[in-house]
Amino acid sequence: MKCPNPDCGDQVPDHSRMCVVCGVDAGVPNVRAASLPAEVGALDARVLAAENNAELVGATDVLTNFRLALEESAAVVCRSISRVNELVSSDNHLFASFYKNVRSDITLPEDNEWDRIRQSADSLLFPHYFEDLMFAALTLDGSGVNGYGGICVTLKDSAIRERSSVFEENAILFIKRHRIVAGDALPLGYKATWTNRVALCVAKLTYKLTPATTSSKYQSILMGSTARDGDFIEVHIYGPLHRRAIKHVSATEPKRAADKVLLRSMTKKLLELGATCTIN
Amino acid sequence: MRALISGQASTAVLFCDERVYSVTLDAPENRREREEWEILWLFADTTDVEQVECEDEPKVLQTLELAWEKDRSLQLIIILLDSKEDIELRLSAATCLDPFLENSSVREFVENRMYSAPLPSSADLAGAIHQCSESKLQFVTALLLALDEDQVAINQRVSAWEALPTSLFGGSAEKVAFHSDAVHFGAFRVFATERGRKSWAIVQLLNHPHFRGSATARAVFKEWAAPFHETATATEFKRAQDEQSVYVDIETEVHRSKRTIKPRQAFEQAEKQRAAIKILLTQGREEQALRYTKQLIINQRRTSDPEHIAKSLCDLAQFVKGLGSPELQLEFAKMAIAEAPSDSWSHATVADAYRALSDYPQAQDAYYNAGAFGDERSAMLGRAEVLKDIGQLADALTILDNCVRDFPSDVVGRNARASALANFGRFEEALAAYDAILKDWRDEPVTMAGRAQVLRDMGRSEEALKEFEYIVTLYPDDVISHHSRAETLRDLGRLEAARDTFAVLMKRFPLAAEMQLSFAKTLRDLSNFSEAINQYKAVTKQHPLNLYGYVGLADTYRKSGDLVNALLAYDEIISRAHHTGFARNGKASILALQGAYSDALKLLPTNLPATSSEWVSYHIRAMVYMHSGKLERAESALKWGLVENQWALQRQYFQTALATLRIRQKRYQDSIDLVDSIAHPSVEPIARVLKMHAHGELGEVSVVAQIYNDFRQSAAPSIIQLREALAKRYLVKKPILTMDDSLFRQECNSLLLAA
């Protein structure tokens, strides 16, 4: 895209947030990619097809209700208690002084699996800015994708709206299913900005709606029960998470004493931040 | 089994054949199959992902448990210190934390971080100490008390750190990265806690495997320590008289007055027992030898002073060192310290054993103790030798200069200095140093032998031979000079003469394993591989504690092309002695030859090279890149190695490797320039074939013919093969052209076989 600075107008690389010539903020790369007219147009076409399909099967009213429910959808990340505790304690000087230094890449061997997996994802999905993204899932009830950390953290809409985009499903699985190789463009119509997320959900999920579908089923339609299918709407959030972006946390009571202590500490701090918390 | 683990996520992902599955600490029996993309979600933004290699799943879980304890311990201590947390929660945190801190590895992890910054004002250290001591949480209390006592020192060290210019690191991002490393490896902690032992901390850090190979790290630590007048070359050894040693002194006095047996009798008794133990050790009967040793100690406690017991044990330690077992040497030396904790010679013996085991931080610690307990000369010499081992010549020379100044009538320090110069390629200076010594100590055998060795290293083998012959005439029982003389015959390619000489020397010095080993090596040079193998096997039987027999066996299998047996032989050595880099290097080079690059790299150290063995490993790493076609990476590694490598011999291996690459890149003159000056007998043959190749491509056929005709008999089979292929390419009327790729491969293979 061209730099938004009228006095510059130079081409901003796809992966770069700032114009490399004049330094103006060109917007976060994932949101820019989802806002491209071709992308929006292709998605609109899919939405139209979905709406027609709903009409054919007599599920238009259900679709309307589904849409309304999706307006209240949120992004949820699943993390371990350790990471969440660190996040909510990030303004704590003790944490800032002593916990920030934990780093493992000192001891990772060459050609290790962790680097390989991340580099592979980087080259396939978001060349040069993969490390800047956080991956979340879209949820209606605060539950996250099963099996990726005991704590589900629901994020405030206001904290992510301007820097998030959504994708049809887990991006890596999508690429494999569509046999896309590094350097190929992704097919159009499978991503959207955060504010247009309802459209993507409609385009993807309408075919699962029947006239008998009730609102209690919406969450399981949105997020498949088998996590390995990658069947959820993936949210891509640019930039780090701040503790004040947390709206709600739901957690399972840990088994280990040390984790129970962390949970208690974390819960107290969440309440101080104005976030809510449920422990099962 | 390979696994990724994260203590923060309390999750492990295991890679087992084609399966990938995860387990968590909360439900270890629950194995979940995983796709690759799921690993990104499992570990998300954790910062402590490690890759581990374990025998089985339980070991992976054990490693994960430790990682989890470390992470939780750090978080718990932060909660404990936080004045904003309620008292009950803080106490719960302390109660959970205490048992974790019983594990020294966890405690060190926490301390490394807690010493990296002074406590902020929100920390309630006094309250935490009070709570923990009231609740009798001994480990937490001890840590907090130490932290309290060290706050001033922490503040000073952190301030000194912050004052370090970013240019020292190469930039602010580099300074941040170095800070992480310094915290992780305990630099802040060591500087603060060891301030009472002058310069001990900087010596330890400069010997640390992660830092010692990095010129930047060395410069950073020196500048960081400078405001505190701490230097790597300091030779003051401060000793704190503690209650324990006072008690020991009193005990000794009481014990002495109770003795009734006469000294002469006691000495003879001990001598007999030691002789019996030595026989057992020679036969490789370690367990029995150790049992007898315990009996020796019990007997000597009744009849001798602690220093005499320590002397007995040190004598056994030196004996077993001669047999080739630094592990046993350490064991005996530690027993000596247990009997006489303030005996400086025992500490020096421990240090020597650690040095042989390549545990340089421990070696430096023990040398420091030797100095603190009165033997400053041994301490200085030992420290200098360790610095030499890790490639820090300048500091080694400084300490040796101090040693010569402080002990002017001691020849050992002066010889050590000359030897250090030679190790790092400063041959002319080494010769001059040896000549200066010989002016004051005419015909001193060690000096003369050192001088002759320098000539050998310079490729001046005829001169070296003459000098060794002179030494053995003057000192007919000097085993080392006899051995070196015969080895020089090998260098000169006079293999039959070398073989016959070693045969005679084996009879003359039947206990000297090095004669038998060299005899076997010469048989190998003569391509009598099966005889060489039999000879090495005989050495392992006669000298079961000597690793070099096993190494020779493995190397012979490798050079003869029997890679299967070579791998088995290297595995045998690795299982006997984990510390030996050369067995891992040998095995890695074979795996690389077989194309198992990933397995080869796993055997090699990941820290920047500093010791001679680490540089060999780094060379093999570069060869793996080259062999696997990663030529850019190979070039980068070789060029860096040529700049940073202080070891004269190792540099020549890097030169030949880079020369091979230059031929591949068709930069023939550059290749010739790299190998022209190579003279060391172990590298010179491969350098010759590369010169043949490069001159051949430049059309200089007469030069090729000259080199071909001057080839020494002792070249390895792979090099002979290469030589012949090149001769057929350039020297015959109807040339037989071997493909460039094939030649490159053969050259890489030769370098790997020679590594």
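**Notebook: chains A and B**

I began at the boundary of chain B with chain A, where the rule gives 11 residue pairs in polar contact, both residues at pLDDT 80 or more. A polar contact is a pair of N or O atoms within 3.5 Å; within protein, one must be able to donate a hydrogen and the other to accept it, and residues adjacent in sequence count only if both atoms are side-chain atoms. I noted that this is a predicted model, in which local features need pLDDT of at least 70 and side-chain atom pairs count only at pLDDT 80 or more, while totals for chains, interfaces and linings use all residues. Residues are numbered from 1 along each chain as its sequence is written, chains are lettered from A and ligands numbered from 1 in the order in which they are written, and side-chain values use heavy atoms, with hydrogens and water left out.

**Interface**

I looked up which element of chain B gives the most to the side touching chain A, and found helix 2 (residues 57-81), with 10 residues. Helices are DSSP runs (H or I, at least four residues), numbered from the N terminus. By class, I read that side of chain B as 34 nonpolar, 13 polar and 23 charged residues. Ala, Val, Leu, Ile, Met, Phe, Trp, Tyr, Cys and Pro count as nonpolar, Asp, Glu, Lys and Arg as charged, and the others, Gly among them, as polar.

I found 70 residues of chain B in contact (heavy atoms within 4.5 Å) with 58 residues of chain A. The buried area is about 5700 Å², 57% of it from carbon and sulfur atoms; this is the accessible area (1.4 Å probe) that the two parts lose on being put together, summed over both. W37(B), L40(B) and W41(B) supply 15% of what chain B buries against chain A, more than any other three residues.

**Salt bridges**

I counted a salt bridge where a side-chain nitrogen of Lys or Arg lies within 4 Å of a carboxyl oxygen of Asp or Glu. There are 6 between chain B and chain A; R72(B) and D259(A) form a salt bridge at 2.6 Å, N to O. K222(B) and D395(B) form a salt bridge at 2.9 Å, N to O. That pair links distant parts of the chain, helix 11 (residues 215-225) and helix 20 (residues 393-406) of chain B, 173 residues apart.

**Helix packing**

I looked at helix 3 (residues 87-101) and helix 6 (residues 138-149) of chain B, which pack at about 85° with axes 7 Å apart. They are therefore roughly perpendicular (65 to 115 degrees).

Note on methods:
Axes are lines fitted to C-alpha atoms, for helices over the stretch in contact, and angles run from 0 to 180 degrees between N-to-C directions. Helices (H or I, at least four residues) and strands (E, at least two) are DSSP runs, numbered from the N terminus. Angles under 35 degrees count as roughly parallel, over 145 as roughly antiparallel, 65 to 115 as roughly perpendicular and the rest as oblique.
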